[in-house]
Amino acid sequence: MFQPQKKRPRIRKTMSGLIALTLLSSLILPNVAGAEPVEPSLVQFANVSVQAGQTVHVPVALKKTYFGVKAYNMQIDYDTSALEIVRITPKSVNVISTSPNEDGVADFQYEINDAEGWVRIIWVDFTGGNSPIVDEQQMFDIEIKAKSNATLGTKQLSVDQTDSEHWHFTNVEHQSYTELSGGAITITAANSGGGNSSSPGSSSGGSVSPTSPVVTPVPSTPAATKGVDIYVNGQKQEQSATATTSTVNNQVTTTVHVDNDKVINQIGSGLRTLLLPITGTGKGAVVGELNGKLVKTMEGSNAEVVIQTDNGTYTLPASQIQLDQVLKQLGSSAPLEDITIQITIAPSAEAKKTAIQAAADKLENTTVIAAPVDFEVKAIWNGQQVNVDHFNSYVERSITLPEGVDGSKITTGVVLQSDGSILHVPTKVIKGDGNDSAVINSLTNSTYALIYHPATFSDVTSHWSRDDVQDLASRLIVQGTGENVFAPDRSITRAEFTAVLLRGLGLHSPNSTEAASFTDVKTGSWYEDEVQTAVSYGLISGYTDESFRPNSEISRAEALTIVSRAMKLVGLAQADASETTSLLSTYSDSAKVQAWATEPIASAVKQGLVQGVEGKLMSDADISRAQTAAIVKRLLAKAGLI
């Protein structure tokens, strides 16, 4: 995250090779006296994921401005050991022309220095401010390559905003203080399918990655093709797909190509479920292929596609493929029938297995029960690829347990992070006639594994919260305060409560690049990322003085207000205005509930998340660590996530 300095830059002579344009920006577009904006403008760099050795596009957009930008210059710095800039492409349609003016100077120029690790960009509105860049316009696109020998992890595109040679914006009315957000480049292993990156998306949480070139592996064995049966709304459709099996990178891969038009003609507008049962392939990878036309038909019917394999099952609502966003990335001219949607379930590469085992070894009393599995969705057209890796609602996938493995020995599923750590994702174990399976619900696509991490605390042995606390601890959601101690009756701070709730929900990174702006959330604090993530999902909003008060104890009313927002995310019905009074009336202190907290508390009561204390809601009282564990567990259980 960029950390802007509260300083207004001044124009001065700038970058070698681009000085003429910068001087013109200060001469032909002088500042006009006018009211300063209440808030700074905002420039947003996309956060993206890229495989080592591949390229990715990073859109740079003006997300917020009050008068329109008439000129800017910036220098973007990057790590040359991992990244290189391929090209910069202007994107503001009807604003940036890149053609020279009458003096022979182009309005958009850039210079790349991959040796030192910087790119310098300048643009000037030669019309004198009549064609400014305004809100929600993409300014330019950075095509960036991750070097094949790059260290895996996250690199940051950075800007020194304290130096006007590196950062200067001029608005139509005044010199502009402009903030930055985003710019994280997550580098994943080659052919890994990406990770937990996010692109600028709506507050609802769905997003797709920018386009990248398609890399087609070369099979090492001849492909064998045969017809297969699929199921539409539970009815077998014979020979409506073909399966091609080949070996790629020493892994057997079965690709199922659906006869899209045949399926559409068979079901008309009544499609609910499209099942591709691809079993008997052992532990190889399975790829289900549909085209955009079929996905659009399914989206209109609120239908889902189910890929069933020996490794596990993926149940994906067609709406979560977010075809409209995919089209924006690929280009609106892409014919739906020519867009290939690939849904993949595959055993993870050895490097990921090693990383997960290493992370488990760092945790006390932890065993990896099942080998990790990759789940991914991508759209391909005309040599371009878009990864669909973030969803608007929880998407279910399951991992089949190895033969002879008892499902009771699974405490949770975990997701592999780009830094090599493993974190909880909502998981429940389903007993089967043969093998048991672990059902994982997540808002992202990634690499998942199953672990056994039993946890106990000496001070909850006889406490009412024992089962809730130890269950959440075994899921890596809550932690102790010392050696085998949980301190169940100790109050919990606002930052701690937020962190526990996010871990329970499996929300480990923001769903957008919108920056949190609390005055008291310090850069580098342990809770900075948690607050950013909670803000991006609409779970917290802070106080009217723009503070969050992370270290203050949180009241029951405040905690349940945050929980009520989480209820929307997991699909639990909330209390409406007509229900609120009756739900609260059974408590003797209902009249003391603050007006802003009545509906959130009533919603928690409606879903059985709180029961009160001796007939009282005690909305002003601090919430304890034990109460937090109980509420979070009830929320996850009620939503069917655990």
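This is a predicted model: local features need pLDDT of at least 70, side-chain atom pairs count only at pLDDT 80 or more; totals for chains, interfaces and linings use all residues.
## Getting started

Helices (H or I, at least four residues) and strands (E, at least two) are DSSP runs, numbered from the N terminus.

Residues are numbered from 1 along each chain as its sequence is written, and side-chain values use heavy atoms, leaving out hydrogens and water.

Most residues other than glycine have a negative phi. Asn302 has a positive value, near 55 degrees. Asn302 counts as exposed, at 70% relative accessibility; here buried means under 20% relative accessible area, exposed over 50%, and partly exposed in between (1.4 Å probe, protein chains only).

Leu476 also has a positive phi, near 70 degrees, and is not a glycine. You will find Leu476 in the loop between α6 and α7 (494-505). With a relative accessible area of 16%, Leu476 is buried.

## Salt bridges

A salt bridge is a side-chain nitrogen of Lys or Arg within 4 Å of a carboxyl oxygen of Asp or Glu. Searching the whole structure turns up 18 salt bridges. One of them joins Glu143 and Arg87, whose closest N and O atoms are 2.3 Å apart. This pair links distant parts of the chain, 56 residues apart: Glu143 lies in strand β8 (residues 137-146) and Arg87 in strand β5 (residues 83-90). Glu143 is buried at 11% relative accessible area, whereas Arg87 is partly exposed at 38%.

Lys633 and Asp471 form another salt bridge, with 3.7 Å between the closest N and O atoms. Here too distant parts of the chain are linked, as Lys633 sits in helix α12 (residues 625-638) and Asp471 in helix α6 (residues 466-474), 162 residues apart. Lys633 is partly exposed, with a relative accessible area of 22%, and Asp471 is buried, with 18%. Both belong to a network of salt bridges that links Asp468, Asp471, Arg475 and Lys633.

Asp436 and Lys431 make a further salt bridge, their closest N and O atoms being 3.0 Å apart. Asp436 counts as buried at 6% relative accessibility, while Lys431 counts as exposed at 59%.

## An enclosed strand

Strand β4 (residues 69-77) is largely enclosed by the rest of the structure, because eight of its nine residues are buried. Two strands pair if DSSP finds at least two bridges between them. β4 pairs with strand β10 (residues 167-171) in the antiparallel sense over five bridges, and Val69 stands opposite Asn171 in β10. β4 also pairs with strand β7 (residues 118-124), again antiparallel, over seven bridges. In that pairing, Gln75 stands opposite Arg120 in β7.

## Two packed helices

Helix α9 (residues 556-570) and α12 pack at an angle of about 20 degrees, and their axes are 11 Å apart. Axes are lines fitted to C-alpha atoms, for helices over the stretch in contact, with angles running from 0 to 180 degrees between N-to-C directions. α9 and α12 are therefore roughly parallel to each other (angles under 35 degrees count as roughly parallel, over 145 as roughly antiparallel, 65 to 115 as roughly perpendicular and the rest as oblique).

From α9, the contact (heavy atoms within 4.5 Å) is made by Arg556, Leu560, Val563, Ala566, Met567 and Val570, and from α12 by Gln627, Ile631 and Leu635.
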